[in-house]
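Please work through the following exercises on the structure shown below. Each task is followed by a stepwise solution.

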Amino acid sequence: MSQKPKQKKSVARSIIFAVGAVLALSYVMPFFLVFVNSFKPKPEILANPLAFPIVFTWDNFNQALQKMNYFQSLTNSIIITTFSVIALIIVSSMLAYYLARSNSKFTKGIFLVLVASMIVPFQALMIPFMSIFAPLVSLDNRTALIFFYIGFGVSLSTFLYHGFISNIPKELDEAASIDGATDLTIFWRIIFPMLRPVTATVAIINALWIWNDFLLPRLVLTPDTQTLPLSTYLFYGQYSAEYGQAMAGLLLAVLPIITFYLILQRQFISGISSGAVK
Amino acid sequence: MQFGKHLKKFIFFAALPLAIFAIVLVYPFIQGLILTFTNFDGFEATKFVGWDNYVKSFQDPTFWSTLQFTGAFVVVSLVAINVVAFGLALIVTSKLRSSNILRTFFFVPNLIGGVVLGVIWQFIFNSALTSLATKFGWNSMTESWLNETGSAFWALIIVTVWQSSGYMMIIYITGIISIEQDVLEAARIDGAGALRTLVSVKMPLMAQAFTISLFLTLRGGFMAYDVNVALTGGGPFRTTELISMHIFEDAFRLGNFGTGQAKAVIMFLLVAIAALVQVSVSKRMEVQR
């Protein structure tokens, strides 16, 4: 009698596990396809896209590295993402601190506008955007892009920081202020270090967005400043008939972020889950 | 004195980000609203033309078919993503020893941008599947899914679900974990089965997770662009263009900046109305529990 429910439970559990395993495999299958085929010459890919390579070749990678300007695009992606994310962390944490601490009608209004702006799709302002900022873009498109990311990212980041800072007792600031610390010192020395968990969330959410963004870079960047998604797209468009090279290019495109994810997996998941529930 | 102190604090802490926000987002947005009533040609607007651009937009038959296609895409992807994501969350939280690995796998597509994903799947639909179908004689699959509007729609849905369900899964996992064990214990003692507990206890208690996930998928559906461009490119014959891509093509490829911007404003209104309705309905359900 007592055996039965337990048995039933373990059967249920194995079924769940089986379903989960099949699903998990199907989730990574496309990447597996890319991986396997990137080492094959073209005829072999056509003959059987699922098989492991018989003739193992690095040539696809040599070609792809060169044709998609891999290292240049990678550097551009890293520079643009790093600077935008750091800038966003600095300005939005400070703005959120200001908004959370001075509770006037004015600051409440600003906060409301920031939150409301999050449902404005970029497409709604893309056309005037390009004509307004053409001169700035032609001056230095990478710096311009970082500037744009600050403008588009500041609302969500501020929102995330705001929720967290509201829970830090005000007495903390007051005590420090009595000790003679200035506002900036209070913020950077006392408050900002306490924001570490949100800072991780803000960094991850923004980094994923900016690293993978396509539309804005497509409008703003030129061939020598293009980021990885752009160069991958252009490369694939040109060489999609060269299956092996195209696959090598795709593998190279996904490699940096997947590596990064596998190293920082826990931070990714917890960062996203705490960011999402806000 | 007091005001001076406030002003100083405002300048140090808030002036810069607010200025950038206003320049990058608010100003072009307002400008965009005004431009829809002018004869804007991409460089300058010389005169006001009233509602012309909106009238022309609604007279454009491709815009209507885009709206239909987008509507279908938003509804189907919203339902599919959330059903799949909720299912994945249930699997991952069912206390399997392998749940961490499963979660890692499910989340991977989300790390990668829509363009790269779209291109990967283009290879799968156009080359991998067709060559496998030819080899094994699956006659219904030898033609690429992307060559025909109906199947290309489902291809878009598959890729979108695959991409976004991992993210929404995280939201649902957070919701499931936040449910207190006592409540579940109480349900069990009262004799509720697994399904009953899920529907009557767990789901109402995690209503907030549904609100968030539905909002994000709704917005994502309207704004979808990357996968669209990379997977179908709008083809065959502009029949699989979602609204984002339609606006981009209208303005930057065909040079119709006036109608392009009018359509963009229409898109904004659709997103805003849909999001407001969804959030207020979901919020009401949260309260009712």
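**Exercises on chain A**

The structure is a predicted model. Among contacts in chain A between residues at least 6 apart in sequence, those joining residues at least 24 apart make up 77%.

**Exercise 1.** Determine the secondary structure content of chain A.

*Solution.* Step 1: the count for chain A is 14 helices and 0 strands. Step 2: read from the N terminus, the order of elements is α-α-α-α-α-α-α-α-α-α-α-α-α-α.

**Exercise 2.** State how chain A is divided into domains.

*Solution.* Step 1: domain 1 covers 3-58 and domain 2 covers 68-239 in chain A. Step 2: the centres of these two domains of chain A, taken over C-alpha atoms, are separated by 38 Å.

**Exercise 3.** Characterise helix α7 of chain A by its span, bend and burial.

*Solution.* Step 1: α7(A), residues 141-165, has 25 residues, for which 36 Å is expected at 1.5 Å a residue. Step 2: from first C-alpha to last, α7(A) reaches 34 Å, close to that expectation. Step 3: a bend of about 45° in α7(A) occurs at Gly153(A). Step 4: with 19 of its 25 residues buried, α7(A) is mostly covered.

Technical notes:
Residues are numbered from 1 along each chain as its sequence is written. Chains are lettered from A and ligands numbered from 1 in the order in which they are written. This is a predicted model: local features need pLDDT of at least 70, side-chain atom pairs count only at pLDDT 80 or more; totals for chains, interfaces and linings use all residues. Helices (H or I, at least four residues) and strands (E, at least two) are DSSP runs, numbered from the N terminus. Two residues are in contact if their C-beta atoms, placed from the backbone, lie within 7 Å. Domain bounds come from an automatic or database domain assignment. The expected span of a helix is 1.5 Å times one less than its number of residues. The bend at a residue is the angle between axes fitted to the seven residues ending there and the seven starting there. A residue is buried if 20 or more other C-beta atoms lie within 10 Å of its own, exposed if 12 or fewer, and partly exposed in between; C-beta atoms are placed from the backbone.
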